[in-house]
Amino acid sequence: MTDPVPANTRALEDGIVRDLSGRMTYGGYLELDRLLNAQHPVSVPEHHDELLFIIQHQTTELWLKLVLHELRSACEWLRGDNLGAALKAIARVKHIQKTLTEQWSVLATLTPHEYAQFRGFLGHASGFQSGQYRCVEFILGNKNAGMLPVFDGEPEMRAQLEELLDAPSLYDEFLAYLSRHGYAVPAEVLERDVRVAHTFCAELVPLFREIYEDAEKHWSAYETCEELVDLEDNFQLWRFRHLRTVQRTIGLKTGTGGSSGVSFLHRALDLTFFPELFAVRTEIGR
């Protein structure tokens with residue numbers, strides 16, 4: 001006779017595996033021993049809120065790893081004319097972006113006084129030095145070779161950035177896709193130096209106007225344009241939320257990495273990935 005189940009307790013079903021010796025487990029599969037022991041506060045004495053600061057940035061880096069995984073695949077699928085798979089990857093990235101943006105609300109609970117208790121222990125460590133964030137910027141088109149020396153001390157990350165610097169961006173791949181499918185993409189765009197950031201090309205605007213003004217005829221291209229616009233909007237929202245969180249926490253102090261802080265972040269809002277997709281909106285309906 002089995003013992004009765006106490007009130008307000010869920011009985012375990014007979015089929016639940018209890019003997020896990022020698023078997024794959026949840027913790028083992030996710031390497032939780034390593035993951036949950038990767039938080040090492042440096043403040044002395046250890047400040048309560050430093051754990052929040054560490055976990056916020058570690059989880060961001062994990063999400064950025066997935067964003068890169070999806071965007072690399074999206075580029076590959078576009079090269080292979082597999083637009084459906086590329087759009088699926090971009091859709092997933094958009095959901096990740098929303099999660100990343102919402103995460104700032106957690107860090108925003110860190111008050112200026114609380115952060116000041118351990119900020120000095122961080123030295124020159126700064127989010128500016130996030131290699132994965134720079135990789136995302138590169139693959140979306142904000143190329144900047146001047147960032148490479150920041151990663152001289154991290155050879156693997158520098159190599160990854162150099163690879164993405166030399167490769168076409170997601171936008172480059174989309175424009176090449178359009179060209180292969182009969183759209184009049186200017187040769188100067190298709191043959192441009194992919195090691196530099198894409199800049200506005202007026203000749204692309206009529207092409208996108210044609211797509212937008214007859215969406216049914218150009219549905220695949222139209223849908224992709226709107227997915228890319230969503231991607232950029234989400235990225236700009238993330239940048240803005242970052243700026244506001246920094247301003248809320250340290251005001252106008254310089255960054256730990258040596259930047260001017262809020263004003264440096266504000267200038268990033270002027271950077272754009274897909275300028276023609278926004279410029280065409282002025283022309284539609286004229």
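Helices are DSSP runs of H or I with at least four residues, and strands are runs of E with at least two, numbered from the N terminus. The model is predicted: local features need pLDDT of at least 70, side-chain atom pairs count only at pLDDT 80 or more, and totals for chains, interfaces and linings use all residues. Residues are numbered from 1 along each chain as its sequence is written, and side-chain values use heavy atoms, with hydrogens and water left out.

**Exercise 1. State which helix holds Glu-162 and Arg-158, and describe their contact.**

Step 1. Apply the rule: a salt bridge puts a side-chain nitrogen of Lys or Arg within 4 Å of a carboxyl oxygen of Asp or Glu.
Step 2. Glu-162 and Arg-158 meet that rule at 3.0 Å, N to O.
Step 3. Both sit in helix α7 (residues 155–166), four residues apart, so about one helical turn separates them.
Step 4. Glu-162 is partly exposed at 31%. Arg-158 is also partly exposed, at 23%.

**Exercise 2. Find the salt-bridge partner of Glu-173, and say which helices the pair ties together.**

Step 1. The partner is Arg-79, with the closest N and O atoms 2.5 Å apart.
Step 2. Glu-173 belongs to helix α8 (residues 170–180) and Arg-79 to helix α3 (residues 50–79), so the pair ties together parts 94 residues apart in sequence.
Step 3. Glu-173 is buried, at 4% relative accessibility. Arg-79 is partly exposed, at 46%.

**Exercise 3. Describe the second largest pocket and its lining.**

Step 1. Define the term. On a 1 Å grid over the protein atoms alone, a pocket is an open set of points with protein on both sides within 12 Å along at least five of seven lines; lining residues have an atom within 4 Å of a point.
Step 2. The pocket holds about 250 Å³ of space.
Step 3. Its lining is Tyr-29, Leu-30, Glu-31, Leu-32, Arg-34, Leu-35 and Leu-62.
Step 4. The largest share, three residues, comes from α2.
Step 5. Five lining residues are nonpolar, none polar and two charged.
Step 6. Glu-31 and Arg-34 form a salt bridge, with their closest N and O atoms 2.7 Å apart. Glu-31 is partly exposed at 41%, whereas Arg-34 is exposed at 62%.

**Exercise 4. How many salt bridges are there by this rule?**

Step 1. The count is 15.
Step 2. Lys-94, Glu-227 and Asp-230 are linked in a network of salt bridges.

Terms used. On a 1 Å grid over the protein atoms alone, a cavity is a set of points where a 1.4 Å probe fits but cannot get out, and a pocket is an open set with protein on both sides within 12 Å along at least five of seven lines; lining residues have an atom within 4 Å of a point. Grid points are joined across faces, edges and corners, and a volume is the space filled by probe spheres set on the points. Ala, Val, Leu, Ile, Met, Phe, Trp, Tyr, Cys and Pro count as nonpolar, Asp, Glu, Lys and Arg as charged, and the others, Gly among them, as polar. Buried means under 20% relative accessible area, exposed over 50%, partly exposed in between (1.4 Å probe, protein chains only).
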